Amino acid sequence: MKAGTLRQILLITDGCSNHGEEPSAMAELAREQGITINVIGVMENDVIDEKGLKEIEMIADSGGGVSQIVYAQQLSQTVQMVTQKAMTQTIQGVINRELQQILGDSSTMEDLPPEKRGEVMEVVDELGETSKLEVLILVDTSASMKHKLPTVKDSLLDLSLSMNARMGDSRFSVFVFPGKRKDVEKLLDWTPNLEALTATFPKLSTGGLTPTGPAIREALTYFNKKRSLRGLLSHDDEQYFEESM
Amino acid sequence: MMMNNTLRNQCNLLPGSSITGKWNKNQYKIIKELGCGANGIVYLVENGNRHYALKLSDNGTSIISEMNILKSFSKVQGSTLGPSFLEADDFIKSGKQLPFYVMEYIHGHDFLRFIEKKGASWIGVLMLQLLTSLSALHANGWVFGDLKPENLIVTSPAYKVRCVDVGGTTLIGRSVKEFTEFFDRGYWGLGSRKADPQYDLFAVGMIIINSAYPGRFHKKGEGYSQLNDLIKQKKELLPYRKMLEKALHGKYDSALQMREDLVTVLSKQNHQKKTGTVQASTRQPTTRQARRSQNQSNKKMGGLFETFLLVAIISMLYVLYIYEQLL
């Protein structure tokens, strides 16, 4: 099995959207295009209210990804864990699809005896290690996020450290919302190294609106604009694409 | 973590209850909970009068990966680093399938508690053992990854270091996915998270530092200079300074090379201990003098007290004598 490209959006926020499209609808749209959305809710001294928690969970659910609420101090570990877990989930989705074709309709990895599952898991681990990874990071810079941004920056550097240790290539891009004029603003173009963030991140001005939905929609077009990447889409990803439809 | 809470809610397994596997039908009676990690709960269980450790999880992926690692551990010749693997199965609890695996129960104290009880002189000896085990593991193409005192158990009566959590074990050349910041060279800005023998040796260095700083500390600014300063501040770390510097910078080619240096440090230390008293007498005259004068003043005070006591007794006897005479 050839390793393809795993595409993810990592949304880092601390509350509810208050502007534009429904975020979970946009997450659904992403999933339809084979892009997984993971959401991390960051708390510091504040807590995320019921409505915010629900939204975070729903975005990740619709986006086929993983969500987690954490205190800012644990952000580094969480960003790494969530990205890794979502990669494994996506690959497992692909493998389960293959298993269903071989073994019949309702079979998944869980239905195999542990020994066989172990063998399948070795393939999953191998793919997770060797596949290409693209993560578009979407950072909420609404006012309440301001003092959490240094921690966010550190955790993103840490993420690139972890992902670049893999055998497969990793590329990242960073967007913030709300942007100066638009809903979303590009901070860093696709790069394997997030070091360049150090210069741009502290200068961010924080705004009042939280247009999470529009931000996700914009981010998607950014994936789509990269036609050359679509050409790289492997057989596996197409299948995941089908599966999610 | 959230994951554990849901698992805990799902299966609050009390001592006395039992787990039966869906596939192999073996039954394990729960004796007590041993601990709970990021992706599962470990129980002490009993089957046919023998004790085992059983790890139960609601996360099928990670537990199966661990099972694979444990199996390959048992293929490493002569290594007794990790627990031996018994079997893997699924436990059906109210309709939900929870995967588990059973392994050897390693009984003993965790590393830091052992050092606390037995003294710092054990650090070096136990690290020698650990480095030997690591060298066997590395030779087989694996790196332990999540090396930390909590994962090290010292068994008795023959004191041996064993590892209990193998979840971070990674094939050399792949990326380390499970690690603890304090023991991770990536966190300290001293290297990548790509699995190589030096990754483990860095962690061994940090374990030695941790034994002098049980409370640990966070990274402030540039990683190495902070660590170097902290090493200098503890006299129990000074003998290891050169070795730690090399380990933290990934300068050792192999665990055995680091072991050799550690042997040298330990034998020097013993030598120093024997000659230590002589050295102290020549090197620190000021403190000794101060101590002597303190002793002298103590003696003076004692003499005064003696005189006073003597005078008091004699005058008491005299008073008694006068009293008797008067009667």
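Mentor: Let's begin in chain B, where strand E7 (residues 108–110) and strand E9 (residues 152–155) run antiparallel and are joined by three bridges. Helices and strands here are DSSP runs, H or I of at least four residues for helices and E of at least two for strands, numbered from the N terminus. Two strands count as paired if DSSP finds at least two bridges between them. Within this pairing, Asp110(B) has Ile153(B) of E9(B) as its bridge partner.

Before we go further, a word on the model: it is predicted, so local features need pLDDT of at least 70 and side-chain atom pairs count only at pLDDT 80 or more, while totals for chains, interfaces and linings use all residues. Residues are numbered from 1 along each chain as its sequence is written, and chains are lettered from A and ligands numbered from 1 in the order in which they are written.

Back to E9(B): four bridges also tie it to strand E10 (residues 160–163) of chain B, again antiparallel. One of the residues involved is Leu152(B), whose bridge partner in E10(B) is Cys163(B). E9(B) and E10(B) make a hairpin, with four residues between them. In general, strands of a sheet pair through backbone hydrogen bonds, either parallel or antiparallel.

Now step back to the chain around that hairpin. Chain B has nine helices and eleven strands.

Where they touch, domain 1 of chain B gives 13 residues and domain 2 of chain B gives eleven residues. On the domain 1 side, H2(B) gives the most, with five residues. That side divides into six nonpolar, six polar and one charged; Ala, Val, Leu, Ile, Met, Phe, Trp, Tyr, Cys and Pro count as nonpolar, Asp, Glu, Lys and Arg as charged, and the others, Gly among them, as polar.

H2 of chain B covers residues 60–75, and Lys71(B) sits in it. Lys71(B) is partly exposed because it has 15 other C-beta atoms within 10 Å. Its C-alpha atom is separated by 29 Å from that of Gly250(B), 179 residues apart along the chain.

Finally, how does chain B meet chain A? Their contact takes 17 residues from chain A and 21 residues from chain B. On the chain A side, helix H3 (75–103), helix H4 (114–130) and helix H5 (149–164) each supply at least two residues. H4(A) has the largest share of that side, seven residues. By class, the chain A side holds six nonpolar, five polar and six charged residues.

Terms used. Contact = placed C-beta atoms within 7 Å. Buried ≥ 20, exposed ≤ 12 C-beta atoms within 10 Å, placed from the backbone.
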